[in-house]
Each structure stands twice: as C-alpha cells, then as structure tokens.
Amino acid sequence: MHDNQSSYAFWSWFVAMGLAIVLLLMYMNGNGPSNTCCETNKTPAASSLSSADQTPIVTEAFSFSASATEFTGNGDASNITWISDLDALKALLSDDLKAEGDELTVTLTGEVDSEEMKQQKLANAQAFFGPDVSINNQITVAMPMVVNAPPTATLYFESGVHGLPVNAGSILESSVEWLNNHPETKAIISGFHDATGDFESNQQLAKKRAQSVSNALIAAGINADRIEMRKPESTQGDGDLNEARRVEVTIE
C-alpha cells in the first residue's frame, strides 16, 4: 500500500514538472496564454492608428498649352479623351495659333486673315475638344494691307447740313475707281461734327452726313455690303469748325 502511494506521488510530480517545462518553453517563445491575450487586444488599436495616419492622395488639376509645334501638359490627364490625338491638335493650331486651358475651358489666340477663318477655327476647335469644353475664341483678324490705295477722301459740310457738298463727285472719284477695280476691298466711312450746339444732335448730324456719302457710293455702283459705317472714337472733329464738319472715306 505504501509502495502504491509512493508511485502515485512520483508520477504526479513527474507530470507537473513536464507541464511546467512546456509552459516555460511557451513563454520563452512568446506563445504564452497572457501574451496571446494581450496581442489579440492590441491588434485592433494598432490597425486603427495606422489607418488614421494615412495621408490622402491629392492629384494636380489638368492644364495645358499647345501650338503647331509643341505641347505641354500638367496634372491628371486620365479624363482627357482628346490628348491621345495631339497630331490633330497641332494641325488645328496651324497658322501660328495657340491654345491653352484646362479640362473645361480652352482659349484660342493668334491671328488669321479673315473673319470666316476665325469662325472656322472656332468650329474646328469645338469639334476637337468636344461639346463639354467651353472655347474662348480670342483669335484676331489681321488688318489687310491695301497697297497703292488712294488716300483718304475727305468731304466738308456746311454747318447744320447733311446734304452732299457740290464737289462730292470729284472727291469720291478716285475711291470709286479703286473699289470698282479691286472687289476684295471695301470703303470705311466715318462722320464728324464741330463742337458747337447740342452734342447728341450733332452726333446724329454726323451720322446723316456719313449716310449721304454711303448713298453716293452706292449710286456710283458700289455694293452696300462693301461699305462699312464706322463710328470714330470721338465724333467731335479736331481743328477749326470747318475742318471738324467732315466725312472721311478710307479704303481697306
């Protein structure tokens, strides 16, 4: 009986020592019960901190400038569909034109020879960039050079009168001859008045004088669409009163 108790005590002690050794090895390897518990509790907090420290990615807005020979773009172009066809853009910008802008607005600059060409460039640009892009057409039309055109014809009027002076035919003769021989040109008519009397009434008088000259050109065979009535920046003429009451006809 005594031997059985001794044997039982020995094996109990042996198992206890074995468990103690196993637990010791687990602690040494970082796998103990308390360690596992603590690591489990720390994981969400660490994950939350990492998420809070993340910096959002900010992309630069798209912008560009272009000519017939070069293209410069900046920012995020992932939504710019036309950027894959830069050859067509450079062809559009022939004649030394330039374009610059962003995803929503494009400004065209440069110079062309006619209003028709300016409008055609606008239409071509709208078709290229698409209907969602606003085109700001700042293209200018070159002033045509008229070589050997007659000098400005000047007609002088009596005070308060808009009827043609008696010598109007001879004064306009060289202008009419040029216009007939050069159908690509046109007449620019500007009327002036003196500084006496009511300013508003004088402006109307200057306009009537210019219209009288226009009627004379039409009567001489010049089509009305080749005559432009161009109000000067100041209708009040310079110089003496006789010099101020005048109408000028210039060829362009």
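Two strands count as paired here if DSSP finds at least two bridges between them. With that in hand, welcome to a predicted model of a protein with seven helices and 11 strands.

**Strand pairing around β11**
- Strand β9, residues 187-191, pairs with β11 through five bridges, and the two run in the antiparallel sense.
- Within this pairing, Ile 189 sits opposite Val 249 of β11.
- β11 itself covers residues 246-251, and four bridges join this strand to β8 (residues 153-156), again with an antiparallel course.
- Here Thr 154 has Glu 248 in β11 as its bridge partner.

**Lys 118 in helix α4**
- You will find Lys 118 in helix α4, which spans residues 115-129.
- Lys 118 is buried but forms no salt bridge.
- Its nearest side chain of opposite charge belongs to Glu 115, 4.6 Å away, and a salt bridge is counted only within 4 Å.
- The Lys 118 side chain does reach the backbone oxygen of Ile 139, at 3.2 Å.
- Setting aside neighbours within four places in sequence, Lys 118 is in contact with Val 112, Asn 137, Ile 139 and Val 141.

**The protein as a whole**
- The protein has 252 residues, and 28% of them count as buried.
- Its accessible surface comes to about 16600 Å², with 54% of that belonging to carbon and sulfur atoms.
- Of the contacts between residues at least 6 apart in sequence, 65% join residues at least 24 apart.

Technical notes:
Residues numbered from 1 in each chain as written. Predicted model: local features only at pLDDT ≥ 70, side-chain atom pairs only at ≥ 80, totals over all residues. Heavy atoms only, no water. Buried < 20%, exposed > 50% of the residue type's maximum accessible area, 1.4 Å probe, protein only. Lys, Arg positive; Asp, Glu negative; His and termini not counted. Polar contact = N/O pair within 3.5 Å; in protein donor to acceptor, adjacent residues only side chain to side chain. Contact = heavy atoms within 4.5 Å. Areas by Shrake-Rupley, 256 points an atom, 1.4 Å probe, with all protein chains shown as cover.
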